[in-house]
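Student: I am new to this structure and would like to learn how to read its features. Could we begin with how strands are paired?

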Amino acid sequence: MENGSKKWGFQANKSLSTASAVTVRGVLNVLLDNLNKEDTRQLIPLAHGDPSAFPCFRTTTVADEAVVDAVRSAKYNHYAPTVGLLPARRSVADYLNRDLPYKLSPDDVFLTLGCTQAIETTITVLARPGANILLPRPGFPYYEARAAHSHLEARHFDLIPEKGWEVDLDAVEALADENTVAMVVINPGNPCGSVYSYQHLQKIAETARKLGIMVIADEVYGHLTFGNSPFVPMGVFGSIVPVLTLGSISKRWIVPGWRIGWLVTSDPNGILQESGVVESIKGCLNISSDPVTFIQGAIPQIIDNTTEDFFTKINNILREAADICYEKIQDIPCITLPHKPEGSMFVMVKLNLSSLEGIGDDMDFCLKLAKEESVMILPGTAVGMKNFLRITFAIEPSALVVGLERLKAFYERHARIQ
């Protein structure tokens, strides 16, 4: 690459392309590029957790009006403080306090650009030479991407399908060493649809304490539950082990495009303050972008005024969709469901390649399904489980039925003749 006789002094950071390729967005882009442009049928999106386009998942008018009021007030046209507006942080603390045995203060809350920035900040703060972090498999691949970008070694512990995708705590203990800084727990589960019991979460907390590591609790799907297990926040066990709680309004309020989330120190013993983690969080946010100020201004009204009726309606729709998904999957021999989903918006199914002709692996399956049926499903490889599939059921129930019927037709076309 030359400029006359002189070489240009810049070049691309190729590591960014490598890291982004393993994200959900990166895989979705590959699937989108493989769609048959001549297929006029509706695209059925069973690959990502954004149901906001479907009328039945429309957010509450309380949220709409809160944003309109914030904009029209002209009080939020300014830059926000690094940690977020105080009224918004107070509302988030009060919201989380409903489920905790101790009280968070606004000083424990840092507002972020969605849960994504909360993950970025957490990984950046914990990354140091030689350190490692324990991540679930399957899990949310953004953790791997950010860890790689920050040169933080990722080690993986398995989730056990036969036990409702519970954490393999023996594996956690075997993986950890003196350089382990934290373990990530995603509850309700993405990609598994699991909801952990109080007892299992307590065991996780006790294991982390024994190992001297913090727990990063990804609770972006908090309260989106519809099975037998209620949602229990990891922060309940903050007196046992320090917890960084990550969340947002993206999923429960169905507004992922509004990009407002939080990073919360659920740590009544003050260990994160004493260790300098809190100051590092502030330092990281000082060199980052802020969530939009008028959305921050709307947060108190959104959180305080949304009724339980709205949340119940969303959970009921998810329950109906999960039931449809469960029943339809029983009729598709090439996939097996280890555990019926109880929360979030996803289910993990095992792909039985022996029943298929001409399908090499899960990625090949999803690419051909997208091209032949205009149905997008996420290959398990993207979330750390080769030859599994992650199916999103958080779409209009009628569209879900169509998508699963096309999936069955795809199987029948590629079924291995016995």
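Tutor: Two strands pair if DSSP finds at least two bridges between them. Helices (H or I, at least four residues) and strands (E, at least two) are DSSP runs, numbered from the N terminus. This is a predicted model, in which local features need pLDDT of at least 70, side-chain atom pairs count only at pLDDT 80 or more, and totals for chains, interfaces and linings use all residues. Residues are numbered from 1 along each chain as its sequence is written, and side-chain values use heavy atoms, with hydrogens and water left out.

Student: How many helices and strands are there in the chain?

Tutor: The chain has 14 helices and 15 strands.

Student: In what order do the strands of the open sheet stand?

Tutor: Strands of a sheet pair through backbone hydrogen bonds, either parallel or antiparallel. Here eight strands form an open sheet with mixed pairing, in the order S4-S11-S10-S9-S8-S5-S6-S7. Strand S4 (109-112) and strand S7 (166-167) are the edge strands, each pairing on one side only.

Student: Which residue stands opposite Phe110?

Tutor: Phe110 stands opposite Leu263 in S11. S4 and strand S11 (residues 261-266) run antiparallel and are joined by four bridges.

Student: How many bridges join S10 to S11, and how many join strand S9 to S10?

Tutor: Six bridges join S10 to S11, and these two run antiparallel; Ser248 stands opposite Gly261 in S11. Strand S9 (residues 214-218) runs parallel to S10, with four bridges between them. In that pair, Ile216 stands opposite Leu244 in S10.

Student: Is strand S10 mostly covered or uncovered?

Tutor: Buried means under 20% relative accessible area, exposed over 50%, and partly exposed in between (1.4 Å probe, protein chains only). Strand S10 (residues 243-248) is mostly covered, with six of its six residues buried. Val243, Thr245 and Gly247 are buried on one side, and Leu244, Leu246 and Ser248 on the other. In the chain as a whole, 56% of the 418 residues count as buried.

Student: What radius of gyration does the chain have?

Tutor: The radius of gyration is taken over C-alpha atoms, and the globule rule is 2.2 Å times the number of residues to the power 0.38. For 418 residues a compact globule would have a value near 22 Å, and the chain agrees, with 22 Å. The C-alpha trace spans about 65 × 65 × 55 Å along its principal axes.
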